[in-house]
Amino acid sequence: MMVKGIQIQICGLVSQRWIQKPRAFSSFSFSSIPHPNPYSKLLPTKTIVRRVRFAPFHASSTPLPSAGNVRHIKFCQWCGGSTKNDIPEGEEKLRAICTVCGKIAYQNPKMVVGCLVEHDNKVLLCKRNIQPSHGLWTLPAGYLEIGESAVDGAIRETREEANADVEVISPFAQLDIPLIGQIYLIFLAKLKKPHFSPGPESSACQLFPLDDIPFNSLSFSSMVVTLSLYVEDIKTGKLKFHYGTINKRYFLPNSILFFLNLMYCLVFEGRTLFYM
């Protein structure tokens, strides 16, 4: 199979859609996912960039040299000595370097994994019972733990937040958020049994028809983007794998941010997705 990549933008997202084309051989597969999955054979051949006209989320296909909120590290995690910010020899970025043992404290992005659970043409959402975004709706997701595969972590987070046992069908979206050092990997999944209930980090769990998804009360921009792409795929009759970057430029109060998210998700490639 060959794959054709097409870049689109939505809510500040640069989304890479992979469309499979017939080919005589395959070069890569995910053995841990039993269903055909769009992660395999990702060989982009052509990209088309469509520009957007809104500002709060600025999308770019090129890396930002100053991107990322770097945590200021005062003390060495190995020996406890004080650190200094300097550029190590042969590198280009400021690092926290221990003044005693000389070790460098590298900071790396965290991976967030979760499930977009489908059941009876509805999606499962959890209302957050913790900060940030307390009281807002989200897909069951959280940080990947050491020793887990991404699939295992997504299944665990769904069980913890929604007391739901799920079977992963395929990867659906990878969303990079460089400015906060996070990578979201969301999998399509289905309920093994039609049972779910709020976990300790959730105050409610509910299956939402697509027309009733609370876009004005979603917890994070990554949730707005993921669910927007899912609704669009369902309407076109073909689910795809999406890869993209959300470049957050502004940090606004939640009430303002979610209103903007909703407004900017109204237009997708010149067509209306949702109505106020």
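**Strands, cores and the reasons for the labels**

Guide: Strand β4 (residues 95–98) and β5 pair in the antiparallel sense over 2 bridges. The model is predicted.

Visitor: What makes β4 and β5 a pair?

Guide: Pairing requires at least two bridges. β4 and β5 have 2 bridges, so they count as paired. In one of the contacts, Ile 97 has Ile 104 in β5 as its bridge partner.

Visitor: Which sheet do 3 strands form, and in what order?

Guide: The order is β3-β4-β5, in an open sheet with antiparallel pairing.

Visitor: Why is β10 described as largely enclosed?

Guide: Buried means under 20% relative accessible area. In β10, 10 of the 12 residues are buried, so the rest of the structure largely encloses this strand. For the protein chain, buried residues make up 46% of the 276 residues.

Visitor: How do you know that β10 pairs with β11?

Guide: The threshold is at least two bridges. β10 and β11 are joined by 10 bridges and run antiparallel, so they qualify as a pair. Val 168 has Ala 189 in β11 as its bridge partner. β10 and β11 also form a hairpin, with 4 residues between them. In that turn, Gly 181 has a positive phi of about 65°.

Visitor: Which way do β10 and β13 run, parallel or antiparallel?

Guide: Parallel: 4 bridges join β10 to strand β13 (residues 242–245). Asp 176 stands opposite Thr 245 in β13.

Visitor: What makes a set of residues a nonpolar core?

Guide: The members must be buried nonpolar residues, joined through side-chain atoms within 4.5 Å. The largest such core has 27 residues. Those with the most contacts inside it are Leu 116, Leu 125, Tyr 184, Ile 213, Leu 218 and Leu 227. At least two residues of this core come from each of β6 (110–119), β7 (122–128), β10 (166–177), β11 (182–191) and α2 (221–236). The largest share, 7 residues, comes from α2. Another core lies apart from it, with 19 residues, among them Val 117, Ala 150, Ala 162 and Leu 207.

Visitor: How many helices and strands does the protein chain have?

Guide: The secondary structure comes to 3 helices and 15 strands. Among contacts between residues at least 6 apart in sequence, 66% join residues at least 24 apart.

Key: Residues numbered from 1 in each chain as written. Predicted model: local features only at pLDDT ≥ 70, side-chain atom pairs only at ≥ 80, totals over all residues. Heavy atoms only, no water. Buried < 20%, exposed > 50% of the residue type's maximum accessible area, 1.4 Å probe, protein only. Contact = heavy atoms within 4.5 Å.
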